[in-house]
Amino acid sequence: DAEVQRLYPCLVDSASLIGGIQIQGRATIGGNLCNAAPSGDSIPSLIVLGATANVVGPNGTRVVPVEDFCTGPRRNSLQDGELLVSMHIPAPKKGFGANFLRFIPRNEMDIAIANSATSVQLDAAGKIVSARIAIGSVAPTVVFARDASNLLAGKEANETSITEAAEATKASATPINDMRGTVAQRIHLVGVLTARSLRSAIERAREG
């Protein structure tokens with residue numbers, strides 16, 4: 001959808017990487033969220049875009065921030081009889097930019113060793129008003145790195161700030177060793193991906 005591509009390129013970044021063409025033609029972003037995989041590629045993007053999940057069930061409706069939706073590996077906050085019926089993503093303001101990146105062992109249809117999404121809101125002078133950083137495949141759920149995000153508020157959008165935030169993001173990672181990667185590799189990748197993603201998010205924010 002041309003309007004989605006224009007307003008939410010970060011969501012396109014992640015959606016275009018999930019599965020193969022058949023999966024992309026039939027699956028939904030909501031399904032990827034409900035699956036609640038720690039490596040879910042759309043979830044970091046949804047978090048940094050400030051998305052909320054609209055849930056309906058026997059007791060009525062409720063709204064859940066995406067960063068609170070996943071409660072564990074393949075577990076989510078839906079109660080008995082509840083359904084995720086839609087999601088809301090706020091319209092971006094002028095000076096907003098976001099980006100998603102992942103690292104995988106091969107180019108297609110693989111699970112991320114680590115991924116990172118970032119967003120920034122710049123003021124008229126180009127300074128960072130606020131930022132959001134989310135990382136996946138490095139904890140039991142996708143992590144909203146609040147402390148690292150808050151570090152960027154009020155800072156210049158430069159390499160010093162980017163490096164500081166990327167290093168701080170690594171503290172939010174609590175990965176395990178498995179067949180796809182080691183703890184040390186994943187923590188290193190979180191820093192690298194977050195820095196690269198922030199550079200792209202800032203560039204998109206400047207482009208408007």
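**Charged pairs and the core**

Guide: The side chains of Asp41 and Arg102 meet in a salt bridge, with N and O 2.5 Å apart; the term stands for a side-chain nitrogen of Lys or Arg within 4 Å of a carboxyl oxygen of Asp or Glu. This is a predicted model, in which local features need pLDDT of at least 70 and side-chain atom pairs count only at pLDDT 80 or more, while totals for chains, interfaces and linings use all residues. Residues are numbered from 1 along each chain as its sequence is written, and side-chain values use heavy atoms, leaving out hydrogens and water.

Visitor: Where do Asp41 and Arg102 sit in the chain?

Guide: Asp41 is in the loop between helix 4 (29-35) and helix 5, whereas Arg102 is in strand 6, so the pair links distant parts of the chain, 61 residues apart. Helices (H or I, at least four residues) and strands (E, at least two) are DSSP runs, numbered from the N terminus.

Visitor: Is Asp41 buried or exposed?

Guide: Asp41 is buried, at a relative accessible area of 6%, and Arg102 is buried as well, at 14%. Buried means under 20% relative accessible area, exposed over 50%, and partly exposed in between, using a 1.4 Å probe and protein chains only.

Visitor: How many salt bridges does the structure hold?

Guide: The structure holds eleven salt bridges. One of them joins Arg6 to Glu3, with the closest N and O atoms 2.8 Å apart. These two residues are three apart in helix 1 (residues 2-7), which means that about one helical turn separates them. Arg6 is exposed, with a relative accessible area of 56%, while Glu3 is partly exposed, with 41%.

Visitor: New topic: how many residues are in the largest nonpolar core?

Guide: The largest nonpolar core has 24 residues, and Leu33, Ile43 and Phe69 are among those with the most contacts inside it. Such a core is a set of buried Ala, Val, Leu, Ile, Met, Phe, Trp, Tyr and Cys residues joined through side-chain atoms within 4.5 Å. The largest share of this core, four residues, comes from helix 5.

Visitor: And how many disulfides are there?

Guide: The structure holds zero disulfides, a disulfide being a pair of cysteine sulfur atoms within 2.5 Å.
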